[in-house]
Amino acid sequence: MKENLYKTKDVADQLNVSAGTVLKWVKKHDIPYSVNQYGHYCFEEKHLPLFNEIKEQNRQLVSTSTKKEPPVTTNVLTEKITDMEDKIKILERLVSSKADDIVSFQLMEHRKEVRSVSKQLQKIEDRLYKLEDKKETWAMTELPKQTKKDKRVLTSILSAMRIM
């Protein structure tokens, strides 16, 4: 004689939980099941008490974990808020101080860079002045001008070289 089989939805309806919860319990607690031709999980009637035990265990865990704590007085809350505000102020000061340190460091680095660039610029200017002085000295020393006679001699030499 074949025993009654219950699908996931039937078990869930009996226990008043979702089908997903039943499937989680099956996987977590290794509850035996079979799969019918449509791919549905099927449970034998003898395994239904396992589901009831699991549900009861979960209910007990939830009830012990949700025990009410005594109410907190206004004075205690006020103290905690004051302490938190003090801690926040301290943290704000630390952050501000850190930001100031970072800005100071960056400013010092920029000053170093400006000094370095300024030195390089000064060197370039000095070189430029020296070159300008040399140019003026060269301009003052007159080079001998070529005369027409010199040009004719050069032209004749070059012509003679072409012929050869």
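**Salt bridges in the predicted model**

1. Let's start in helix α3 (residues 48–65), where Arg-59 and Glu-56 both sit, 3 residues apart, or about one turn of the helix. Helices here are DSSP runs of H or I with at least four residues, numbered from the N terminus. Please keep in mind that this is a predicted model: local features need pLDDT of at least 70, side-chain atom pairs count only at pLDDT 80 or more, and totals for chains, interfaces and linings use all residues. Residues are numbered from 1 along each chain as its sequence is written, and side-chain values use heavy atoms, with hydrogens and water left out.

2. Arg-59 and Glu-56 are joined by a salt bridge, with 3.0 Å between the closest N and O atoms. The term means a side-chain nitrogen of Lys or Arg within 4 Å of a carboxyl oxygen of Asp or Glu. Arg-59 is partly exposed at 46% relative accessible area, and Glu-56 is also partly exposed, at 35%. (Buried is under 20% relative accessible area, exposed over 50%, partly exposed in between, using a 1.4 Å probe and protein chains only.)

3. Helix α1 (residues 8–15) holds Asp-13 and Lys-9, which are 4 residues apart and so separated by about one helical turn. Their salt bridge has its closest N and O atoms 3.4 Å apart. Lys-9 is exposed, at 56%.

4. Another pair to look at is Lys-46 with Glu-44, whose side chains form a salt bridge at 3.5 Å, N to O. Lys-46 is exposed, with a relative accessible area of 54%, while Glu-44 is partly exposed at 29%.

5. For the overall tally, the structure holds 4 salt bridges.

Methods: Helix = DSSP H or I, 4+ residues; strand = E, 2+ residues; numbered from the N terminus.
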